[in-house]
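This report goes through a few places in one structure, for a reader who has not seen it before. The sequence and structure come first, and the notes follow.

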Amino acid sequence: MNHRHLLPNEIDLLVDGEAGFGVAPLRAHVAECDDCRARLDDARIVVDALEALPHFAPDSRLADRVMAQVPVFVPAHVAARDSVFRWLPQSAPARLAAGIMGTSIAGALTVLLVWLASRGETVMFATGLLSDRFQGMVADTARTLALSLLGESAVATLQATGALGVTLLVLGFLGAALGTVFGLRRLATASARRA
Amino acid sequence: MPLALDLANLPDADVVALALEGREAAHRELIRRYERPVFSLIFRMVRDRELAEDLTQDSFIKVLSHLDRYRSEFKFSSWLFKISNNVAIDHLRRRQLDTVSMDGSPHATTPDAVMASTIELSDSSESALEEMEAKELGSAIEQAIAKLRPEYRSCILLRHVEGRSYEEIASTLDLPLGTVKTYIHRARHELRRALEHTRE
């Protein structure tokens with residue numbers, strides 16, 4: 001028998017249930033030494049008592065109280081992803097159908113774009129034609145509107161002065177509008193004070 | 001779809017990831033999982049139920065408000081216990097509890113030095129409130145734990161009540177592994193002495 005009694009840290013190794021090369025001789029010593037076995041038993045009583053300690057329950061409203069003070073933000077990418085998920089069908093077959101339809105539309109659009117790109121000149125010609133028509137339509141509408149609002153002589157004067165005349169007209173209109181708004185506000189404030 | 005997941009069956013890391021996506025249910029799941037261990041740790045540290053409720057609430061607010069600082073290579077529970085323990089220790093320091101003088105000098109490096117600087121409390125000096133708390137905490141071991149230095153208390157509770165390894169405790173409390181082993185050894189020694197006294 002080894003007559004050296006176990007050191008406190010060796011007792012701890014046994015209490016912690018360590019398994020290693022150096023532990024076997026310690027166990028053998030405890031098996032033969034009443035004094036060390038008693039010390040080990042005492043240490044185990046403490047550990048067993050500690051491990052039997054229960055958890056306490058806090059107030060049942062703890063989660064509500066915590067969440068009332070924790071700001072919960074949904075990041076933009078998550079919100080966007082959730083929106084997409086919300087639009088997707090719930091069942092797997094419906095999702096598959098939606099996927100096939102989406103892929104088909106995307107494929108058709110891609111083919112159309114490729115076709116248009118391969119006919120660049122045609123597209124340019126069609127775009128120019130449409131643009132000219134649109135500009136002409138806007139100019140005609142503006143002229144008709146100006147004639148009915150301002151009269152023929154005023155429109156003739158505007159045409160004679162060109163861009164400068166149009167700019168002055170627009171600025172005059174904005175000035176009059178702002179003046180009216182401010183005037184009305186002052187009137188409203190004054191009447192409110194009197195009341 | 002993430003919203004339809006059964007949170008109770010997910011590992012902590014996944015629940016944290018969902019909480020970071022702004023899911024309130026994930027925040028609540030983390031509270032549900034750890035409210036009892038955290039409350040128990042803090043209650044045994046401060047020995048006052050109402051105060052422990054407040055400090056537990058503070059700990060969870062700190063953790064859940066700063067989830068973005070959580071590093072996933074560590075266990076979530078270790079991070080939570082670290083913050084909870086710090087909240088409890090900070091409170092004890094602020095309150096300048098009598099335990100500072102009762103539990104011996106924090107600079108004592110050997111068990112004898114700690115004993116020499118410890119002031120024993122006589123039973124008659126315990127207030128009615130302390131007696132009531134002791135009753136609620138129950139057994140002699142609870143009362144013995146309450147008389148340990150706060151550092152020892154954290155270590156022994158994490159080791160034997162929460163079942164943490166020495167390495168986890170060292171990481172949780174930011175202490176060297178050797179110091180954790182020493183604290184646990186001393187705590188066991190003091191508890192053994194206290195229980196011997198009770199049995200006599």
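## A leucine in chain A

A:Leu14 sits in helix α1 of chain A. The model described here is predicted.

Around A:Leu14 there are 19 other C-beta atoms within 10 Å, so this residue is classed as partly exposed; 20 or more would have made a residue buried.

Leaving aside residues up to four places away in sequence, A:Leu14 touches A:Leu26, A:Arg27, A:Val30 and A:Leu40. A separation of 9.2 Å lies between the C-alpha atoms of A:Leu14 and A:Arg44, which are 30 residues apart along the chain.

## Where chain A meets chain B

In the contact between the two chains, 31 residues of chain A are paired against 30 residues of chain B. On the chain A side, the elements that give two or more residues are α1 (8-15), α3 (34-51), α4 (62-67) and α5 (76-87). Of these, α3(A) gives the most, with eight residues.

Sorted by class, the side of chain A that touches chain B has 23 nonpolar, three polar and five charged residues.

## The largest nonpolar core

The largest nonpolar core has 50 residues. Those that touch the most other members are B:Leu30, B:Ile42, B:Val46, B:Leu80, B:Cys155, B:Ile156 and B:Ala187. Helix α2 of chain B, residues 24-46, gives the most to this core, with 11 residues.

What does B:Cys155 touch, not counting residues up to four places away in sequence? The residues are B:Ile169, B:Leu173, B:Val180, B:Tyr183, B:Ile184 and B:Ala187.

Technical notes: Residues are numbered from 1 along each chain as its sequence is written. Chains are lettered from A and ligands numbered from 1 in the order in which they are written. This is a predicted model: local features need pLDDT of at least 70, side-chain atom pairs count only at pLDDT 80 or more; totals for chains, interfaces and linings use all residues. Two residues are in contact if their C-beta atoms, placed from the backbone, lie within 7 Å. Helices (H or I, at least four residues) and strands (E, at least two) are DSSP runs, numbered from the N terminus. Ala, Val, Leu, Ile, Met, Phe, Trp, Tyr, Cys and Pro count as nonpolar, Asp, Glu, Lys and Arg as charged, and the others, Gly among them, as polar. A nonpolar core is a set of buried Ala, Val, Leu, Ile, Met, Phe, Trp, Tyr and Cys residues joined through C-beta atoms within 7 Å. A residue is buried if 20 or more other C-beta atoms lie within 10 Å of its own, exposed if 12 or fewer, and partly exposed in between; C-beta atoms are placed from the backbone.
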